[in-house]
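Morning, everyone. I have one model to walk through today. Please bring it up on the screen.

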Amino acid sequence: MQTMLKQRAPAAMGKQAQALPRVAPKIGRALNAVVAQAAPATVKVAKPTISRDLVDKCINAIRFLAIDAVNKSKSGHPGMPMGCAPMGYVLWNEVMKYNPKDPYWFNRDRFVLSAGHGSMFQYAMLHLTGYESVPLEQVKLFRQWDSLTPGHPENFVTAGVEVTTGPLGQGICNAVGLAVAEAHLAARFNKPDVKPIVDHYTYCILGDGCMMEGISNEACSLAGHWGLGKLIALYDDNKISIDGHTDISFTEDVAKRYEALGWHVIHVINGNTDIDGLRAAIAQAKAVKDKPTLIKVSTLIGYGSPNKADTHDVHGAPLGPEETAATRKNLGWEYPEFEVPQDVYDVFRAAIKRGEEAENEWKQTCEEYKAKYPKEWLEFEALTSGKLPDNWAEALPSFKPEDKQLATRQHSQTMINALAPELPGLIGGSADLAPSNLTLMRISGDFQKGSYAERNLRFGVREHAMGAICNGIALHRSGLIPYCATFYIFTDYMRNAMRMSALSEAGVIYVMTHDSIGLGEDGPTHQPVEHLASFRAMPNMMMMRPAGGNETAGAYKVAVENRNRPTTIALSRQNMPNLPGTSVEGVAKGGYIIRDSVGTPDVIIMGTGSELQLCAEAADILEKEGKKVRVVSFPCWELFEEQTPEYKESVLPKAVEARVSVEAGSSFGWAKYIGLKGKHIGIDGFGASAPAPVLYEKYGITTPKVVEAAKAVIA
């Protein structure tokens, strides 16, 4: 049942007060009855320690930092911070556990602003509570070049920002991932006779736009299924989007939807002034241990603005001088631009002492834990340090040419299960394709409600949320190494999450099988063509397409080592040989010679994945005809581009212009390696439904065609 919390009637403030909902005493008593019926008996609401006037002053300080910064930058979104300021005050001053002087303290509560366009809300909170990353000078530089206060929160720029948000819906999914990480580590390491060493909440503020994006429903469905009780989401229900009032396109009952998803739902009817209601809602949410909580907080966007509140005008544009002056008068804010009263700083900066005390108390708990459980403590310390275990890569197997031919998805399964015992932080799964992606760790069961210590994640058919949840797990920064899997074609569903991995420096491993027309009969709906080129174009994404067992091992080695850079590994359905010359070490170079002739080659033939064998077979034929042939494997363009000019020249000498590339995908991008004289063997249209050998023959991706192309460029 949805719980509703009584509002506090607002003080009069001109036209704005008339727009605020009021609750008659009779209705108020009814709402209190609902609270009494629904709230757990153990709920205790902390009594405020400062006057209501000072509370309001603190809330208005949040609002006006946002208003002033957006005005100064002539760009931004003031409406959300103005409406959500009461939530910010309660969360950051009364609820959340964090240490501004140690932004990366392990056991801090995590906060995610899924409505990332309202970034000045988060910067205001970081500044007011004393984070050194956001001094007042940086607030004044909001959205400017090289500032620490960019237009949307960026975890790699601003200490105190946990995840990068902006694309709506991504943040709440990241929050689910953060909560998964906490639940998993708590289940693995906490002991009943010692205070928990893993014990923190994830709080998230999301808006109507996040609620409309399908990705949020995917992730919140999983959160409800998993029963993530330490995930608390506050829904800024202001009913405004860029187009105007949301009733033009969004009229569903969000609360009922979330109840159906398995969430506990509370409604604070007046989020503008009902501070006690917010306190009670969060206290009740924390008392619910077996499911996540959605607190629907009804607010007015741009609260306090006499002429723009409750309109789309305040969503994404500065108030401007006249409306700012009117808002200052309306809210009784007598301070000039960017001025924060000392008594407000005193209230918020008390977080520094609280945070230091909380961290010291946690460290004492860790000492007690260490004394009782030295083995487990060493494991916890090693994992959360983020350092990889010594010699972990020695677990990766090597392969000889005479070994059985397998698909690289099968080699991937071997790598995952070889690494699982060596990398205790490895955690992941598939979007309902585990039997095809081959991603289950045999040493572990399924992460489920009641079995959070397990490491196999069952994402269901939810590719987009899967990627974003894995970003949250990675950005928990606790040594967990998330991987996720689906068919390569379905990266189309999850591309934004993958881009956010690259942007956020989240070292997620994307295990993508069925990587070409080689998957065969499923046809063009399932056959990737442009995808390799697409991900090669994405900054900070390593796009791997290994050939055989050794290169698959090399791809995993690189992926695991790169904790601030995601890796996409494209894997075949069809079998291929373990070619002589392929190696783990070669993969680390991105492109390398696997066979060569004496002297300057007449032609260089390069390829990736399942087509590398065609390159080798063509070389056999050409060498018998007296040609000097070099064969180059190109598993990762990004790594090759990072090599020295001397190395790249040694592999692809400028003097050799006769070049052929072979890849069952788009020719786009290969020109920089094969030059104007070179030829590409591949496919620049969609595939078709037929057995794989037939498709390769029909599209001309065959050894004879490679030989023909090589002879043409030599001539």
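By contact I mean heavy atoms within 4.5 Å. Keep in mind that this is a predicted model. With that cut-off, take Thr384. Setting aside neighbours within four places in sequence, Thr384 touches Phe106, Arg477 and Ser478. Thr384 sits in helix 14. Now look at Gly479. From Thr384 to Gly479 is 95 residues in sequence, yet C-alpha to C-alpha they are 4.8 Å apart in space.

Stay with helix 14 and bring in helix 13. Two packed helices are described by the angle between their axes and the distance between the axes. Helix 13 covers residues 342-372, and helix 14 covers residues 374-384. Their axes come within 6 Å and cross at roughly 130°. Helix 13 and helix 14 are therefore oblique to each other.

Which residues in helix 13 and helix 14 meet? On the helix 13 side, Trp362, Cys366, Tyr369, Lys370, Ala371 and Lys372. On the helix 14 side, Pro374, Glu376, Trp377 and Phe380. Sort the residues of that contact by class and you get 7 nonpolar, 3 charged and no polar.

Next, the aromatics. The structure has 32 aromatic pairs. I picked one that includes Tyr89 and Phe348. Their ring centres are 6.0 Å apart and the planes stand at 75°, so this pair is edge-to-face. The cut-off for that label is over 60 degrees. The pair links distant parts of the chain. Tyr89 belongs to helix 4, residues 79-95, while Phe348 belongs to helix 13, and 259 residues separate them.

Last topic, cavities. How many cavities of 30 Å³ or more does a search of the whole structure find? The search finds 2.

The largest cavity holds about 70 Å³ of space. Its lining is Trp92, Met96, Tyr98, Pro103, Arg108, Asp109, Arg110, Phe111, Tyr131, Gly160 and Glu162. By class, that lining has 6 nonpolar, 4 charged and 1 polar residues.

The second largest cavity has a volume of about 30 Å³. Ala61, Phe64, Leu65, Asp68, Trp333, Phe338, Glu339 and Val340 line this one.

To recap: helix 13 and helix 14 cross at roughly 130°, Tyr89 and Phe348 pair edge-to-face, and the search turns up 2 cavities of 30 Å³ or more. Thanks.

Key. Residues are numbered from 1 along each chain as its sequence is written. This is a predicted model: local features need pLDDT of at least 70, side-chain atom pairs count only at pLDDT 80 or more; totals for chains, interfaces and linings use all residues. Side-chain values use heavy atoms; hydrogens and water are left out. Axes are lines fitted to C-alpha atoms, for helices over the stretch in contact, and angles run from 0 to 180 degrees between N-to-C directions. Helices (H or I, at least four residues) and strands (E, at least two) are DSSP runs, numbered from the N terminus. Angles under 35 degrees count as roughly parallel, over 145 as roughly antiparallel, 65 to 115 as roughly perpendicular and the rest as oblique. Ala, Val, Leu, Ile, Met, Phe, Trp, Tyr, Cys and Pro count as nonpolar, Asp, Glu, Lys and Arg as charged, and the others, Gly among them, as polar. On a 1 Å grid over the protein atoms alone, a cavity is a set of points where a 1.4 Å probe fits but cannot get out, and a pocket is an open set with protein on both sides within 12 Å along at least five of seven lines; lining residues have an atom within 4 Å of a point. Grid points are joined across faces, edges and corners, and a volume is the space filled by probe spheres set on the points. Rings of Phe, Tyr and Trp (its six-membered ring) pair if their centres lie within 6.5 Å; planes under 30 degrees apart count as stacked, over 60 as edge-to-face and the rest as tilted.
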